[in-house]
Amino acid sequence: MSSVTNEEVGSTAQRERRKRILDATIALASKGGFDAVQMRAVAERADVALGTLYRYFPSKIHLLVSALGREFERANAGIEGRAIPGDTPHERVMWVLDQSSQGMQRNPKLTEALTRAFMFADGSVAQEIHVVGLQMTRALTRAMADPDTPYSDHEPTEDELAIAKVIGDVWLASLVQWVTGRADAADVNKSIDMAVKLLLR
């Protein structure tokens with residue numbers, strides 16, 4: 001069973017309902033992490049029937065991965081139309097990743113919830129995972145592009161798309177290390193920086 005995507009949510013009321021559900025999910029996760037996000041609690045906070053919530057999001061994992069996708073979408077919207085700092089693709093990509101990392105480190109309980117959901121996601125959550133990947137790829141290929149060319153005019157090459165995917169995978173793997181306490185923020189940043197340098201040299 002797949003969830004109702006943003007594109008499929010046609011009416012204003014449906015889009016608003018979906019927004020309330022994701023807002024409620026993020027609020028609960030920010031306070032109590034992964035375990036605090038219970039479907040009944042989300043439904044009550046979003047003021048929707050439990051059956052309605054399951055129609056939009058068949059499981060807690062669908063819900064949290066969708067919330068992760070929306071967080072990336074918001075981050076992308078925040079840098080649209082502005083120049084990304086940096087003289088090289090490496091510097092610009094690291095700026096984008098640093099912005100994302102700092103935002104997530106400021107809200108560790110939310111980050112723990114979203115990251116755990118991403119780790120647990122299986123094939124039934126492929127649609128939501130795809131949205132997360134698209135948002136990551138968009139941000140990274142924009143950072144790699146010539147800053148003097150409007151991004152709307154830039155068609156990423158196959159190599160750029162492949163590199164963006166690998167960088168995204170490395171960043172998410174590093175985030176898992178931070179969330180699980182296997183690496184601190186400095187170690188995570190060092191690992192990501194090395195990977196980006198090797199991929200973009």
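Which helices are included in what covers the buried residues of H7? They include helix H4 (60–79), helix H5 (89–105), helix H6 (108–120), helix H8 (158–179) and helix H9 (185–200). Helices are DSSP runs (H or I, at least four residues), numbered from the N terminus.

This is a predicted model, in which local features need pLDDT of at least 70 and side-chain atom pairs count only at pLDDT 80 or more, while totals for chains, interfaces and linings use all residues. Residues are numbered from 1 along each chain as its sequence is written, and side-chain values use heavy atoms, with hydrogens and water left out.

Helix H7 (residues 126–144) has 19 residues and reaches 26 Å from its first C-alpha to its last, close to the 27 Å expected at 1.5 Å a residue; the expected span is 1.5 Å times one less than the number of residues. Among the buried residues of H7 are Thr-141 and Met-144. Buried means under 20% relative accessible area (1.4 Å probe, protein chains only).

Glu-160, in helix H8, touches Thr-141 and Met-144 of those residues, as well as His-154 and Glu-155, not counting residues up to four places away in sequence. Contact means heavy atoms within 4.5 Å.

| Pair | Distance |
|---|---|
| Glu-160 side chain and Thr-157 backbone nitrogen | 3.0 Å |

Trp-95 belongs to helix H5 and is buried, with a relative accessible area of 18%. Trp-95 touches Ile-79, Arg-82, Ile-84 and Pro-85, not counting residues up to four places away in sequence.

Note on methods. Helix = DSSP H or I, 4+ residues; strand = E, 2+ residues; numbered from the N terminus. Buried < 20%, exposed > 50% of the residue type's maximum accessible area, 1.4 Å probe, protein only. Polar contact = N/O pair within 3.5 Å; in protein donor to acceptor, adjacent residues only side chain to side chain.
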